[in-house]
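Subject: Structure handover

Hello,

Please find the structure below. My notes on it follow.

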Amino acid sequence: MAQALTSIREIERELSALRTVPGTESPYQRTSVMTHTAWVPEEWVEAAEDVLSGLAERHPSRTVVLFPQPDEKDGLDGEVEVDVYPVGEGRRICTETIRVRLRGQRAAAPASVVQPLLLPDLPAFLRWRGLPPFGAEYFEGLIDVVDRLVIDSTEWPGLPDSYRGLTEIFDRVAVSDIAWARTSRWRPQLASLWPGIADVKRIRVTGTAAQAQLLAGWLRSRLKHDVALEHDPSDRLAGVELDGKPAPFPPGDPPSGSDLLSEELDKFGRDGIYEDAVRAALA
Amino acid sequence: MPCGRCKRPRAAKTPVSVATTQENPLLEGLQLRRTPDPCILVIFGASGDLTQRKLLPALYSLAFRRLLPEKFAVVGVARSEESDGDFRDRMKEAVQKFARDEFRDDVWDPLAEGMRYVATDFADEAGENKLVSVLNELDSDRGTGGNRVYYLAIPPSVFGTVVRALGKRRGADGWTRLIVEKPFGHDLASARELNATIEEHFQENEVFRIDHYLGKETVQNMLALRFANGIFEPIWNRQFVDHVQITVAESIGIENRAGYYEQAGAIRDIFQNHLLQLLAITAMEPPIDFTADSVRNEKVKVLRALHTPGPKSVVRGQYGRGFVEGEEVVGYREEAGVDPQSMTETYVAAKLYVDNWRWADTPFYVRMGKRLPRRETTIAIEFKRAPHPPFEELAAEGLRPNVLLVHVQPDEGVSLAIGAKVPGQGMTIRTVHMDFLYGGAFRTGLPEAYERLILDAMVGDATLFTRIDEVEEQWSLVDAIVAAWARDRPAFPNYPAGTWGPPSADELLRRDGRSWRRH
């Protein structure tokens, strides 16, 4: 087993060594589209690895996975992996994954670890598993060095109140919410019910709490009047009723977790409609 | 009062990507898919290679991505007798063989359900009646609302008959669109004649003349490269560009198409359409927006500005025996169905000038041919050398000019050749490449050109189709070149298969102190 790398310089040196085509002095071509950083506390490790493995194929770039271990002795352990893919006729490109365990105090200042590893001049995305600790220095520091925060509010307890902290960072960083993306098949479907939907009073959502809150918030913010929410818990968005009438089911299959994250990584600007929906969910 | 700097609202394109919110606030911010209206796609020439290799696989890929309308049907029309079931089976086989996506019954079955076949040569009323009755039946069964896309993948000889019959029997309901495969005529006069036939029954905005090169991602990327990046346009002109080279090379021969190729030759097969379109996209001015007319207005200006090359600026060739990819191949005159004394060219190289302010005196060297060493379509912009490199002569000996190379196929992408210092004590400079590989940066499969173009035609977006004035300009240049050929008789064959063309093609550039790009 390879020895853990204990400094950024060692990580960079190892990356450089791994990028060299075996038996030659020339490097694999590295693809440079973005830096994707993921904050993965212990309880999210398995889920995060599943999604990342599906993602590398579609967004080949640099991925930095941070595993915070604040209760361990101070230190940093890095592992580097270079995946090589064939492209075109006889050419190969590589993508890089850097896994860093931030032990003890190192977990308190992750931005200082991420910054030197960001690919210059390219967008940086931060995937945060679970509920972010809004206001905590280590989280605030990270969102200041990335362009987009990708969350999944399905993973959050205490909705809709948990959205309050999120609304306070909208002006600092663009936000993508996988839970919102999961409603993307339903929103055009509901929009197609216009003008009948204009005066809807009540929405009943069979799905996750996040999906229910966001769909209700979306209707309130777009229609500019209150819409009462009834929520039937389910692990997927299985149905929507408007004033007691079921809305037609959208065509096609729901996208996978990797698909959803991949789509979010193609977005760069703020999503004002989502932000309004979150604010209205709190109202 | 409108201010002087306010932009006029842009003309809306037919395919809506972000919907209007004036009436429906729920549409705000929704990225709506470009799903066409319900319609029937009628393919004339359904027994041909194109239908099997390209059209049906493209339709399957669109169905795979749920980009086809829910209410949709396909009608194949050809001379040979075939039942609906046999047609479906043949198309299923074609999809399994040629589609880029895995075969899935849940995608194929709904598509196949709406498939019909009509056997007719369209020369009599009975055939027309049969087709009309099948279409009406499908309208009523599948709710396609009278909307029709007619895809004419048929020889030019029957084109007029089919167009007249379709025009005569246009229904009162729904819209009609006509997709026309190349070749659109065989010279300017025949192209005008064909167009006159079309114009009797169809408006120009209902006609979609296909040039599948324009559906390629990398060709569209040329527009992105030029007009989405601030760094290129300032140097994209005669001040900075030494010359441009466009290569459309094929390693294959004529693949049992002797009948067509003997009449067409390289100049009508590739030069008149694909190559001149690539040149137009490379040389055009920025359009004011990306609507069909704005883009085509700029392309046609380039085609109009093309100076007719004199006989010394055009080289034609024909391949003889040789080796391609290690295999011995026969010469063109030995191919099945080819006249043993044929004077048909399989290779053309030319030096062209775009006579306008941006490109005056900047040569565009173009070449295309069959049985060349490899398949490659590239556009190379070669920039002028640095005016005074402050290095010793030896240091920059191996330094070549900067070249921006757009790989249309294969290895889709862009590379820039730049000079860089070789690490070490001295100052030696060598040319290196900065590469952008499509497959590297975006690891999604590139859609086939026909997927994009069929969908565009269904939604009525003609941006990537050729307008009649472009076609006419292209033919008028080709007619002028071909007219000069009538006066001489080159010693064919003049290049062995597996080489980069006749020596006179090298001479064409050598006279100007240049050479073809090294491969």
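Among contacts in chain A (heavy atoms within 4.5 Å) between residues at least 6 apart in sequence, 78% link residues at least 24 apart. This is a predicted model, in which local features need pLDDT of at least 70, side-chain atom pairs count only at pLDDT 80 or more, and totals for chains, interfaces and linings use all residues. Residues are numbered from 1 along each chain as its sequence is written, chains are lettered from A and ligands numbered from 1 in the order in which they are written, and side-chain values use heavy atoms, with hydrogens and water left out.

Chain A has ten helices and twelve strands; these are DSSP runs, helices being H or I of at least four residues and strands E of at least two, numbered from the N terminus. Of its 283 residues, 51% are buried, meaning under 20% relative accessible area with a 1.4 Å probe, protein chains only.

The mean pLDDT (the predictor's confidence in each residue, from 0 to 100) of chain A is 86, with 90% of its residues at 70 or more. Within chain A, confidence is lowest in strand β1 (residues 29-30), at a mean of 66, and highest in helix α8 (residues 209-223), at 97.

Chain B holds an open sheet of six strands in the order β3-β2-β1-β4-β5-β6, with parallel pairing; two strands pair if DSSP finds at least two bridges between them. Its edge strands are β3 (115-119) and β6 (207-209) of chain B. Strand β2 (residues 72-78) of chain B is joined to β3(B) by five bridges, and Ala78(B) lies opposite Ala119(B).

Regards

Methods:
Buried < 20%, exposed > 50% of the residue type's maximum accessible area, 1.4 Å probe, protein only.
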